[in-house]
Amino acid sequence: MNSFYHSTRSNADAVTSKQAIREGIAPDGGLYVRDDLSSKALTAEDYLNKPFKEISRSVLSRLLDDFTQEELNAATDAAYGDNFDASDCVCTSPLGTDWMLELFHGPTCAFKDIALQILPWLMSYARAGANDKIMVLTATSGDTGKAALDGFANVEGTGVAVFYPAGKVSDIQRLQMVCQPGDNVAVCGVYGNFDDTQSQVKAIFADHELGDRLATKNIHLSSANSINVGRLVPQISYYFAAYNTLVQNGTISAGEPLEYVVPTGNFGDVLAGYYAKLMGLPVSQLVVASNTNKVLTDFITTGIYNRKRPFHTTISPSMDILISSNLERLLYYLSGGDCEYVASLMNSLNEAGSYQLTSELLEKLQELFACGYADDEMTRASIKKTFDETGIVIDPHTAVAKHVADEREVSGAARVILSTASPYKFSASVLGALGTDTSGMNGFACMDALEFVSKTSAPVQLSSLRDAAHLHEDECEREKMTAVVEAACARIFL
Ligand SMILES: *Cc1c(COP(=O)(O)O)cnc(C)c1O
């Protein structure tokens, strides 16, 4: 029998995982959760001595149980192949006395590929009818847009439209999007900043007239953001994969607990680690690492979540977040599944900008999660120190986690630091940290200089952009975004 997902804010309407993936967010604004994670545990045979793809199949078949095994096999085959430049998609390598889980070997060189390469296939199989089309809309500050474009390109029954703030993303980020091939993709720069772009995308989702017009053509709008069950569940697999590697190489014996240090923004990645723990992975501690926007460090330390604070633009931009949406799922589990309590906290966050946990729940939270943060200066120092001591160049997001790991008391447990992006994605910041003056250098010049300094090669996914054709040079006023979406739907589906 299939089990069901329901909203973090109500037990009322149960949906299948296909519905949850199609809809993204519950109608009451809550996130989809399920109550039976501990009865979905993997056995050691499911993840020891197994390649990543097989571990992923075990995880997906437990939590997305209304998909057929054929569908999950086809989805994992399509998502996890030679589009990754590591033979097993992810790998776990030494980083000094710790380990680094390299999650950046996908087509866009950041960890979001692990979920966004498979989500489109899951969405394609989750369509209600074979004639239905799903158009995914995304506003991006840089990284997510490209990962969505690459994942959805040429996936049957789906299309993707990405809007980015014109002039406000890096050279390389713009090229990654502008050069995206595929018959079902649309990319458009928007005059304005990220918030303008994001709020207009939200307005398009809320535009019922547009929704009705598209529905008569069997087209449904959807989103690929990190609260979607179809993004969360695939991320669980690599926690098991890293564990497997350390057992295989003799660092730990099977059953011995492992510590994971996770650079955190929207709380999706580290929440997947918590799910892995509930599903039987021996985890001693999950460590939440933040940058200067340290709303989570303060929350785990004091039990008070307060988003009323200045927003900082940092050199780890994918973690520049003051509302960590996926935290709502943790609050649900922490409170023993108390929907009313979660709804009241989220209400308070909306209206007052903050909420406070009971002292009992704060204690539980602190048992499960440790935390720490690194500002930009500490992050740069961590990049430099890591390079000097190990010869390995890490990206600024990874460096935040490395700094937090280094600050912790050594417990004796083996540690895995999640490495979420290739340093070449952030060449200028990394070079700066290593002491090179990058003023006047464009994205490719920085890439070249980083190759020289680090004696490594830039990933082809990024260096090949130099010669790639520019396919999407359009830019538009915010008010024109709806028209761009409708034109894209007509071009792709009709
Ligand atoms: C998105 C992202 C993160 C943060 O992950 P969350 O799931 O939002 O916590 C960290 N590093 C990089 C490079 C990212 O792109």
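Visitor: Does Asn244 count as buried or exposed, and at what relative accessibility?
Guide: This is a predicted model, in which local features need pLDDT of at least 70, side-chain atom pairs count only at pLDDT 80 or more, and totals for chains, interfaces and linings use all residues. Residues are numbered from 1 along each chain as its sequence is written, and side-chain values use heavy atoms, with hydrogens and water left out. Buried means under 20% relative accessible area, exposed over 50% and partly exposed in between (1.4 Å probe, protein chains only). Asn244 therefore counts as buried, at a relative accessibility of 7%.

Visitor: Which side chain does the side chain of Asn244 contact?
Guide: Asn244 sits in helix α11; helices (H or I, at least four residues) and strands (E, at least two) are DSSP runs numbered from the N terminus. A polar contact is a pair of N or O atoms within 3.5 Å; within protein, one must be able to donate a hydrogen and the other to accept it, and residues adjacent in sequence count only if both atoms are side-chain atoms. At 2.8 Å, the side chain of Asn244 makes such a contact with the side chain of Gln248.

Visitor: Which element supplies the largest share of the lining of the largest cavity?
Guide: On a 1 Å grid over the protein atoms alone, a cavity is a set of points where a 1.4 Å probe fits but cannot get out, and lining residues have an atom within 4 Å of a point. At least two lining residues come from each of β2 (32-33) and α11 (229-248). The largest share is three residues, from α11.

Visitor: How many charged residues are in the lining of the second largest cavity?
Guide: That lining includes Thr264, Ser290, Asn293 and Met319. Ala, Val, Leu, Ile, Met, Phe, Trp, Tyr, Cys and Pro count as nonpolar, Asp, Glu, Lys and Arg as charged, and the others, Gly among them, as polar. The classes come to four nonpolar, six polar and, for charged residues, none.

Visitor: What is the volume of the second largest pocket?
Guide: A pocket is an open set of points with protein on both sides within 12 Å along at least five of seven lines. Grid points are joined across faces, edges and corners, and a volume is the space filled by probe spheres set on the points. For the second largest pocket the volume is about 280 Å³.

Visitor: Why is α14 largely enclosed by the rest of the structure?
Guide: Helix α14 covers residues 327-334. Among its buried residues are Glu328, Arg329 and Tyr332.

Visitor: Which residue just after α14 takes a positive phi?
Guide: Leu334 is one of the buried residues of α14. Just after the helix, a positive phi of about 70 degrees is taken by Gly336.

Visitor: How much of the ligand does the protein bury?
Guide: Around the ligand are 14 residues, with Lys112, Gly265, Asn266, Asp269 and Thr420 coming nearest; a residue is near if one of its heavy atoms lies within 4 Å. Polar backbone atoms of Asn266, at 2.7 Å, and of Phe267, at 3.1 Å, face ligand oxygen atoms, while a polar side-chain atom of Thr420 is 2.8 Å from a ligand nitrogen. Accessible areas come from the Shrake-Rupley method with a 1.4 Å probe, and for residues only the protein chains shown count as cover. Of the 390 Å² that the ligand exposes when taken alone, the protein buries 97%.
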